[in-house]
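Colleague: I've got a model open on my screen and would like to talk it through with you. Could you take my questions one by one?

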Amino acid sequence: MSTVILGIESSCDDTSAAVIKDGYLLSNVVASQAVHEAYGGVVPELASRAHQQNIVPVVHEALRRAGVTKEELSAVAFTRGPGLMGSLLVGVSFAKGFARSLGIPMIDVNHLSGHILAHFIKAEGDENRQPHFPFLCLLVSGGNSQIVLVKAYNDMEILGQTIDDAAGEAIDKCSKVMGLGYPGGPIIDKLARQGNPKAFTFSKPHIPGLDYSFSGLKTSFLYSLRNWLKDDADFIEHHKEDLAASLEATIVDILMDKLRKAAKQYGIKEIALSGGVSANNGLRNAFREHAARFGWNIFIPKFSYTTDNAAMIAMTGYFKYQDKEFCPMEAPAYSRVVLQ
Ligand code: KG4
């Protein structure tokens, strides 16, 4: 009998549903929320309201595109956390109601494990390359910057993580300071392609071990900008490409320095990239350069699996289904948590 998993993701500002059948992705529907653009960041209350509006049509569309009926589902996998509590509650409550009404098990998925296991999603037409265990994963998003040692689908260890801001958060905040739109990541990425990465220098952290820090860089960027604006009120307009390229280069250097250190320390050359910031072209190029220079076997996700999506939740749910790792109806959502 086939195993058909419905995945549901609602941890931040994307409502998504996906269907995986016997390990193969059949559909992945994502409804993004444009409502936050006007505010320069995600407004939690607006996010949960939009999730409430989107969840039913998104699930309906995911099932329709997959060509499966709800009666064919084996289990419902859902993001239990971490994320915005109001947003999570919409997906968690829907998953509970749906699973209960169908009499099928529920599988709770940690959003961060989902980002990492996105590398195992198989879809028709996809290049079927998957990392071998153990591998290192650089997980960089708007809320996290971590180096994770992935020993198995269900055995992961955080080797290092940010002690303050995440890389994506730093990019978004610097972009906001420059008066660019939201989210800043894709805008900075586009501008950076036309700028000189060596035009400006910003401070880099000196944190021991494999941890990261990005708050100092953010402050350095802000103070430098303020100084330059004193002499030239149009400084940003005149230099936005170089500013974006230099900021991106600094962040990529910080990320890669620690990743290189981890790879050396653990003697691992199987290296993956995950999370929203993994869409960044500068970071992708740095991965390719490291592969050529150090003989790394690298895994860079498809763009559609970089930002929040339910395909990665359904994939993780599929693995947990094999081990019969189900969760009880009373399992609450969690906003903050370590990787599990
Ligand atoms: O993983 P994600 O979708 O959401 C979280 O779970 O945080 O990551 C969102 C982050 C945002 O900070 C966004 O600006 C960043 O990913 N991002 C990028 C790019 N695309 C998205 N950062 C740099 N370059 C990009 N092309």
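What follows is a chat about sheets, helices, salt bridges and the ligand.

Modeller: Before we start, this is a predicted model, where local features need pLDDT of at least 70, side-chain atom pairs count only at pLDDT 80 or more, and totals for chains, interfaces and linings use all residues. Residues are numbered from 1 along each chain as its sequence is written, and side-chain values use heavy atoms, with hydrogens and water left out.

Colleague: In what order do the strands of the six-stranded open sheet run?

Modeller: Strands here are DSSP runs of E with at least two residues, helices are runs of H or I with at least four, and both are numbered from the N terminus. Two strands pair if DSSP finds at least two bridges between them. On the edges sit β5 (106-110) and β6 (122-123), each pairing on one side only. The pairing is mixed, and the order reads β5-β4-β1-β2-β3-β6.

Colleague: What angle does helix α2 make with β4?

Modeller: Contact means heavy atoms within 4.5 Å. By that test α2 (residues 85-102) packs on the sheet and touches β1, β4 and β5. Axes are lines fitted to C-alpha atoms, for helices over the stretch in contact, and angles between N-to-C directions run from 0 to 180 degrees. For α2 and β4 that gives about 155°.

Colleague: And α9, at what angle does that helix run to β1?

Modeller: Helix α9 covers residues 311-322 and lies across β1, β2 (14-21), β3 (24-32), β4 and β5. Its direction relative to β1 is about 135°.

Colleague: Is S74 buried or exposed?

Modeller: S74 lies in the loop between α1 (44-66) and β4. Leaving out residues up to four places away in sequence, its contacts are S2, T3, V4, I104, P105 and Y321. Buried means under 20% relative accessible area, exposed over 50%, and partly exposed in between (1.4 Å probe, protein chains only). S74 has 9% relative accessibility, so it counts as buried.

Colleague: Now the five-stranded sheet: which strands stand at its edges?

Modeller: This one is an open sheet too, with mixed pairing and the order β9-β8-β7-β10-β11. An edge strand has a single partner, so one side of it is left without a neighbour in the sheet. That describes β9 (155-161) and β11 (297-299).

Colleague: Which residue in β11 is the bridge partner of I271?

Modeller: Strand β10 (residues 270-274) pairs with β11 in the parallel sense, over three bridges. In β11, the partner of I271 is I298.

Colleague: What angle does helix α8 make with β10?

Modeller: Helix α8 (residues 281-294) packs on this sheet, touching β7 (135-140), β10 and β11. Its direction relative to β10 is about 175°.

Colleague: Why are R49 and E45 separated by about one helical turn?

Modeller: The two form a salt bridge, with the closest N and O atoms 3.3 Å apart. A salt bridge here is a side-chain nitrogen of Lys or Arg within 4 Å of a carboxyl oxygen of Asp or Glu. R49 is partly exposed at 47% relative accessibility, and E45 is partly exposed at 45%. The separation is about one turn because in helix α1 they are apart by four residues.

Colleague: Which residues make up the network that includes R80 and D108?

Modeller: R80 and D108 form a salt bridge, their closest N and O atoms being 2.7 Å apart. R80 is in strand β4 and D108 in strand β5, so the pair ties together parts 28 residues apart in sequence. R80 is buried at 16% relative accessibility, and D108 is buried at 9%. Salt bridges that share partners make one network of R80, D108, K320 and E325.

Colleague: Last one: how far is a backbone N or O atom of G185 from an oxygen atom of the ligand?

Modeller: The ligand is surrounded by 19 residues, with G142, D172, G185, D189 and G276 the closest; a residue counts if one of its heavy atoms lies within 4 Å. A polar backbone atom of G143 is 3.3 Å from a ligand oxygen. For the backbone atom of G185, the distance to a ligand oxygen is 3.1 Å.

Conventions:
A polar contact is a pair of N or O atoms within 3.5 Å; within protein, one must be able to donate a hydrogen and the other to accept it, and residues adjacent in sequence count only if both atoms are side-chain atoms.
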